[in-house]
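Thanks for coming, everyone. Let me put the structure up, and then we'll walk through it.

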Amino acid sequence: MKQLLEAINIRRSRRTFSNKALSAMHFQHLQNLMQAYNQESGLHMQLISDASDAFNGFRKSYGMFKGVCTVLALIGNASDNHLEEKCGYYGELIILEATKLGLGTCWVGGTYSKKANVFQVGENQKLCCVIPIGEVPKETRREKLIHKLAARKSKTIEQMLETDCPAPNWLTAGMKAVQKAPSAVNHQPVLFKYRNNKLTAQVKNKHKFENIDLGIAKAHFVIAAGGNFDFGNGASYVRNQ
């Protein structure tokens, strides 16, 4: 967990990639991890060595992405009530593992072609979003500006946490990691509540990707604080004994 916490601190969204597939070693490492998470979660995530067709052309990526090649597709059963949240949780764990390997990543919800033939979405399955993963060049001025603007808008812990008592150290540590969790348009919609020694996390579902954001935030919290979060909007956190 310590290495994942370090990855939280250094990871940035990257939109310009080297247009190269992952090395065989990196691809196999992430594929093994993905398969383990698929078995644990019931998801059907796919690591695609060349998904560039889903991003090629201005109409598909709106000019926001360059050089995308390898992509993690977050796919699962459409009937799973916690599908989006699971995609957020396990997708973020893979992103942080990729960060440890020195690779660039980015959460992508809409600026790609879902109709591209590279995705294998079965009957009763849903493609929620994708994550480009790959080698990245030096950060561009545009990427630095986007990161700077996003950092300015970051909420305080007090804005994301309601408590009926002073926050214990483990809770503060978890919330510091949540502050650094990516979210759609940097809305940071997840609200944590600590009352009667019970911690929950919830979203209002005002925006399309809030349940994915919920899963990402829970992943960051667990990495920093330990324990486990149940899946579900408003579900509880269980500390390690």
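Which residues line the second largest cavity? I'll answer in a moment. Ground rules come before that. This is a predicted model, where local features need pLDDT of at least 70, side-chain atom pairs count only at pLDDT 80 or more, and totals for chains, interfaces and linings use all residues. Residues are numbered from 1 along each chain as its sequence is written, and side-chain values use heavy atoms, with hydrogens and water left out.

Now the answer. The lining of the second largest cavity is Phe17, Ser18, Asn19, Lys20, Gly67, Val68, Cys69, Thr70, Pro132, Ile133 and Gly134. A cavity here is a set of points, on a 1 Å grid over the protein atoms alone, where a 1.4 Å probe fits but cannot get out; lining residues have an atom within 4 Å of a point. The volume is about 30 Å³. That volume is the space filled by probe spheres set on the points, with grid points joined across faces, edges and corners. By class, this lining has five nonpolar, five polar and one charged residues. Ala, Val, Leu, Ile, Met, Phe, Trp, Tyr, Cys and Pro count as nonpolar; Asp, Glu, Lys and Arg as charged; the others, Gly among them, as polar.

Stay with Asn19. It sits in the loop between α1 (2-10) and α2 (24-41). Helices are DSSP runs of H or I, at least four residues, and strands are runs of E, at least two, numbered from the N terminus. Asn19 has a positive phi of about 65°, although it is not a glycine. Its relative accessible area is 53%, so Asn19 is exposed. The cut-offs: buried is under 20%, exposed over 50%, partly exposed in between, with a 1.4 Å probe and protein chains only.

Asn186 also has a positive phi, about 55°, and is not a glycine. Its loop runs between α7 (169-179) and β6 (191-195). At 22% relative accessibility, Asn186 is partly exposed.

Back to cavities. The whole structure has two of 30 Å³ or more.

Last, helix α8, residues 210-225. Its 16 residues reach 22 Å from first C-alpha to last, close to the 22 Å expected at 1.5 Å a residue. The expected span is 1.5 Å times one less than the number of residues. Of those 16 residues, 13 are buried. Gly226 follows α8, with a positive phi near 80°.

Conventions
On a 1 Å grid over the protein atoms alone, a cavity is a set of points where a 1.4 Å probe fits but cannot get out, and a pocket is an open set with protein on both sides within 12 Å along at least five of seven lines; lining residues have an atom within 4 Å of a point.
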